[in-house]
Amino acid sequence: MTRYLISKFFYMLLSLFILISATFFLMKAIPGNPFMSEKATSPEIQARLMEQYGLDKPVYVQYFKYLGDIASGDFGISMKKLNQSVTDIIGQTFSVSLKLGFVAIIVSIIVGLLLGMLAALYHRRLIDNVAMILAIMGIAVPSFVLASLIQFFFAQELGWFNVMGFDGPMDYVLPVVALSASPIAFIARLTRSSMLEVLHADYIKTAKAKGLKPVTVMFKHVVRNAILPVVTYVGPMTANIITGSVVIERIFGIGGIGKVFVDSITTRDYTMIMGVTIFYGILLMVARFITDIAYGFIDPRIKLTGGKEG
């Protein structure tokens, strides 16, 4: 177990280093700089700003200086927001994204599992067909398209929700629907196929033959084994919801970290782009790490020692 955790932690650090390096050099490869759009700023002042932020130095010098700064926990100052550090901006905006993402994840898991279980229990019946049609629609329609459609019909045309903003509980509904539609569809399909396989397994027939109550058979044997593929999907699902919130927050005018990220890209705010990218990267790696650990605990047959029993 300890060896497995150390190995995973090492690969997390390696992945993070590759992510930082690739993002840094790709960002620098794009022509221009953050101050080119400042039309009211004279060339002399632009040159002074470039010097102030170290952008006048060779790229490799900037790269090693940035690595040294983030190693000490300094993500720098935003190049577009006056006297605001990247860390402070992420801290102020992430709470909004966290609330939205957390609700979307909970809704995805609960609704997806229920749909999948109903579809399996009523296999080849009306409920099964309806659930799978909804699942196909959820996978086929991109989240930003769904967000625009439900925003138009339910907010602009019907007036049931605010078109933009994030001030009350009702403002969660449309963004959560847009974010969770695809994860719900995947979880429903995974749960359905896994449950159908488990329901026909010999040990389930044996459990029923022993006289166990249907509820006991369902939750102790069927659901526990059928949920394993869903647990595996939780990590990628978290990644999808987190990265998907970048666009959704922009569409619904939510002042979360996703909106800040999009704004930083359009304004070429180098330090914000790097800071948010690293932050997203750490979140996704931690989510995947927790998923791997949870997978081992749910299924004791799986030993967390790289595939060998320990």
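**Entry 1: helix 3**

I started with D69, which forms a salt bridge with K65, the closest N and O atoms being 3.0 Å apart. My cut-off for a salt bridge is a side-chain nitrogen of Lys or Arg within 4 Å of a carboxyl oxygen of Asp or Glu. This is a predicted model, so I take local features only at pLDDT of at least 70 and side-chain atom pairs only at pLDDT 80 or more, while totals for chains, interfaces and linings use all residues. I number residues from 1 along each chain as its sequence is written, and side-chain values use heavy atoms, with hydrogens and water left out.

Both D69 and K65 lie in helix 3 (residues 59-71). They are 4 residues apart, about one turn of the helix. I take helices (H or I, at least four residues) as DSSP runs, numbered from the N terminus. An α-helix has 3.6 residues a turn, so residues three or four places apart point the same way.

I then looked up accessibility. Buried means under 20% relative accessible area, exposed over 50%, and partly exposed in between (1.4 Å probe, protein chains only). D69 counts as partly exposed because its relative accessibility is 22%. K65 is at 52%, so K65 counts as exposed.

I searched the whole structure and found 5 salt bridges. Side chains of opposite charge can pair when their charged atoms come close.

For D263 and K259, the closest N and O atoms are 3.3 Å apart. These two are 4 residues apart in helix 11, so about one helical turn separates them.

I checked accessibility for each member of the network. R250 is at 40%, so R250 counts as partly exposed. D263 is partly exposed at 24%. K259 is partly exposed at 25%.

**Entry 2: the buried face of helix 11**

I stayed with helix 11 (residues 257-266) and listed its buried residues: I257, G258, V260, F261 and S264. Why do I say that they line one face of the helix? Seen down the axis of helix 11, they fall within an arc of 160°, so they line one face. The arc is that of the directions from the helix axis to the C-beta atoms.

I also noted what follows helix 11. R268 comes after the helix, and its phi is positive, near 60°.

**Entry 3: aromatic pairs**

My search of the whole structure gave 10 aromatic pairs. Rings of Phe, Tyr and Trp (its six-membered ring) pair if their centres lie within 6.5 Å; planes under 30 degrees apart count as stacked, over 60 as edge-to-face and the rest as tilted.

F24 and F25 form an edge-to-face pair, 5.6 Å centre to centre with 85° between the planes. F24 is at 4% relative accessibility, so F24 counts as buried. F25 is at 38%, so F25 counts as partly exposed.

I next looked up F261 and Y280. Their ring centres are 5.8 Å apart and their planes at 75°, so this pair is edge-to-face. F261 lies in helix 11 and Y280 in helix 12 (residues 270-298), so the pair ties together parts 19 residues apart in sequence. Are F261 and Y280 buried or exposed? Both are buried.

Last, I traced a cluster. Ring pairs link F24, F25, Y63, F64 and Y66.
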